[in-house]
Structure formats: C-alpha cells, structure tokens
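Subject: Structure handover

Hello,

Here is the structure I said I would pass on. Please look through it first; my notes follow below.

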Amino acid sequence: MKTFKDNLVYDFIIIGSGIIGSNIARELGKYQASVLVVEKESDIINGQTIANSGIIHSGHDPKPNTLKAKFCVEGNRLAHELSKELNFHLLNCGGLVLAFDEEEKTKLIELYENGLRNQVPGLKLLTKEEVLVREPRLNQTVLMGLDLPTTSVSVPWEMALASLENAVLNGVELKLNSEVTNIKTIKDKLFEIEINHKEFIYASHVINATGIDVSKVSHYLEPELEYEIKGRKGEYFTLDPKNQGFFHSVLYPIPTKLGKGVLITPQVHGETLIGPTSEDLENPHAIEVTTPGLARIISDAKKISST
C-alpha cells in the first residue's frame with residue numbers, strides 16, 4: 001500500500017456496507033489489493049438492505065434486451081451459487097403471477113412472452129385448476145397463473161453479512177461510524193475522502209454503494225451531475241411463523257407502472273411478508289409505517305387471498 005503525505009492510500013474505498021457494497025468487497029477481497037469499506041452507521045447493513053422482501057426475482061418482468069433483464073436472470077443464478085459458497089439460506093419456493101380477469105389474462109400472456117425473450121428458465125402458463133391445486137387458499141376467482149420456478153427468497157442481511165464477513169477474512173478493512181462528507185480529486189490521481197467533516201482518507205479508486213444517498217455522494221465529485229435519487233417507500237405486514245404453509249410460493253399480482261404491487265411472500269424462517277405499498281416521498285429517509293398504508297396492503301392482499 002502506498003502513502004500520500006504520510007497517509008495510507010487504499011487501492012479501493014467502498015462507501016456503504018449493504019448488499020451491494022458487501023458483495024463488491026468480497027469480490028475485491030479475492031485479489032492482492034488494499035480495500036476499505038466505510039459505513040456511516042454504527043453497524044453494517046442498516047439501510048435499504050434490511051428493509052425489502054428479499055425476493056430473488058426470475059427476470060420475467062424487465063424490458064428485453066436491457067441490462068436489467070440480463071442481470072436479473074444472471075443474478076438469480078449467481079445468488080444460488082453464492083448461497084452454497086457462503087452457507088446462507090435461500091428458500092427455493094418459486095413464484096406465481098396471477099390473473100383475475102380477462103384483461104389481466106392478456107397481460108399475463110404478455111409477461112410470459114417477455115420472460116421467454118429474457119430466457120427465464122422453466123416458465124409455464126398454468127390453468128385455474130393447476131394454480132388452485134398448488135395454492136388452494138388463493139381467491140377462487142383466479143383465472144390463470146404464470147409459473148416462475150427460479151424465483152427464490154433470501155434474507156438480504158444474512159446474504160450481505162456472509163459476504164462482508166468473507167471479505168474481512170480475506171483482508172478487507174471495515175470502518176464504522178464514518179459518514180462521507182466530501183470527496184475531492186487531488187494530484188497524483190488520488191481521491192481525498194472526508195469523513196465526519198474532520199478526518200481524511202485516501203484511495204486510488206472510490207466505489208459508491210450508498211443506496212438512497214448515491215446521488216448525494218456522486219455530487220461531491222460531479223456537482224453538475226444531472227440525476228438524483230428520489231425516495232419511494234414501501235410498507236409491509238409480517239405474519240407470525242405459526243402461519244407458515246398458508247402459501248407456498250411468492251404470489252404476484254399483475255404489475256403496474258408503480259411496480260410489482262402487493263405480494264404475498266413466504267420467508268426463509270417461516271414468516272410471511274405481505275406488501276409493499278409504493279409511495280413517492282419528498283424525504284427519501286422517511287421510514288414510518290402508516291395506518292393508510294397498512295389498510296391498502298390488507299385491501300390489495302384480499303384480491304389474491306381467500307383467507
């Protein structure tokens with residue numbers, strides 16, 4: 001590791017210890033490079049990684065010939081490989097997209113054709129009878145289903161924790177309570193990263209994996225950058241593990257422009273997650289649960305479930 005003004009210069013500094021930052025750290029830990037992960041919280045994986053459904057989607061929904069479509073299908077396959085390598089749980093439960101009227105049947109067939117173009121393995125259209133055999137507690141008005149056998153469910157923080165633990169064992173360093181408050185490019189093609197308005201660390205490369213704050217951090221180096229992250233909040237219900245087995249698959253409604261809708265998702269450790277809502281926010285860090293949000297979840301879930 002080289003130095004600059006008596007300070008160590010890391011080959012890579014990764015900002016953020018969530019699912020993205022932790023897996024980047026693991027990959028870089030395979031090489032002879034000095035790597036530091038900086039995290040503003042007092043513990044790792046305290047942001048978006050702990051607040052999502054954990055679904056490893058099959059790739060049936062993204063627009064064909066896009067990077068999102070390519071990486072969703074490939075990422076699904078790699079998640080299963082990573083699970084075996086790092087010994088974290090995946091629930092290989094599959095998924096079903098459900099249609100409840102003729103208009104939704106048309107959209108379901110379009111999703112099926114979309115998934116075929118994305119080369120999603122094992123896609124199959126199911127009749128009403130086939131769907132109800134698999135999920136007898138569904139609303140009996142269901143007309144058709146799209147089987148997504150590669151859909152799985154993870155525990156995102158277990159996945160991130162296993163990846164970062166492996167990275168640290170391979171020599172990656174971790175620095176907590178360290179909020180990045182500025183970044184400058186200095187001579188010798190180095191980056192000067194300001195921590196908590198008072199400390200400076202140096203790196204040859206900086207990787208921004210800060211989740212909701214990614215545009216804020218990017219603007220330190222590129223003030224004229226034209227994009228920004230706008231927050232969208234999702235609320236969930238979690239059912240006790242005593243309800244395990246009510247549903248066996250990830251259950252999707254037909255998606256809308258706001259996202260995949262309110263899903264019913266079995267969880268790795270026996271819980272059932274119902275949600276999310278989808279609400280655009282002025283404050284991207286607003287995480288409160290609201291009475292209207294929970295009421296909407298109940299209303300939307302009743303369209304899928306008979307219980």
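Two strands are taken to pair if DSSP finds at least two bridges between them. Helices (H or I, at least four residues) and strands (E, at least two) are DSSP runs, numbered from the N terminus. This is a predicted model, in which local features need pLDDT of at least 70 and side-chain atom pairs count only at pLDDT 80 or more, while totals for chains, interfaces and linings use all residues. Residues are numbered from 1 along each chain as its sequence is written, and side-chain values use heavy atoms, with hydrogens and water left out.

An open sheet of three strands runs in the order S4-S9-S5, with antiparallel pairing. Strand S4 (55-56) and strand S5 (90-91) are the edges; each has a single partner strand, so one side of each has no neighbour in the sheet. Two bridges join S4 to strand S9 (residues 152-154) in the antiparallel sense, and Ile 56 has Ser 152 as its bridge partner in S9.

S6 pairs with strand S8 (residues 144-148) in the antiparallel sense over five bridges, where Ala 99 stands opposite Met 144. S6 also pairs with strand S16 (residues 250-252), in the parallel sense over three bridges; there Val 97 has Tyr 252 as its bridge partner.

Ile 14 lies in strand S2 (residues 7-15) and counts as buried, at 0% relative accessibility. The C-alpha atoms of Ile 14 and Ile 24 are separated by 8.0 Å, and the two residues are 10 apart along the chain.

Last, a pocket. On a 1 Å grid over the protein atoms alone, a pocket is an open set of points where a 1.4 Å probe fits, with protein on both sides within 12 Å along at least five of seven lines; lining residues have an atom within 4 Å of a point. The second largest pocket has a volume of about 260 Å³. Of its 14 lining residues, Leu 239, Ile 274, Ala 301, Ser 305 and Thr 307 are the closest to its centre. Helix H7 (291-304) is one of the elements that supply at least two residues of this lining, and H7 gives the largest share, four residues.

Regards

Definitions and conventions. Grid points are joined across faces, edges and corners, and a volume is the space filled by probe spheres set on the points. Buried means under 20% relative accessible area, exposed over 50%, partly exposed in between (1.4 Å probe, protein chains only).
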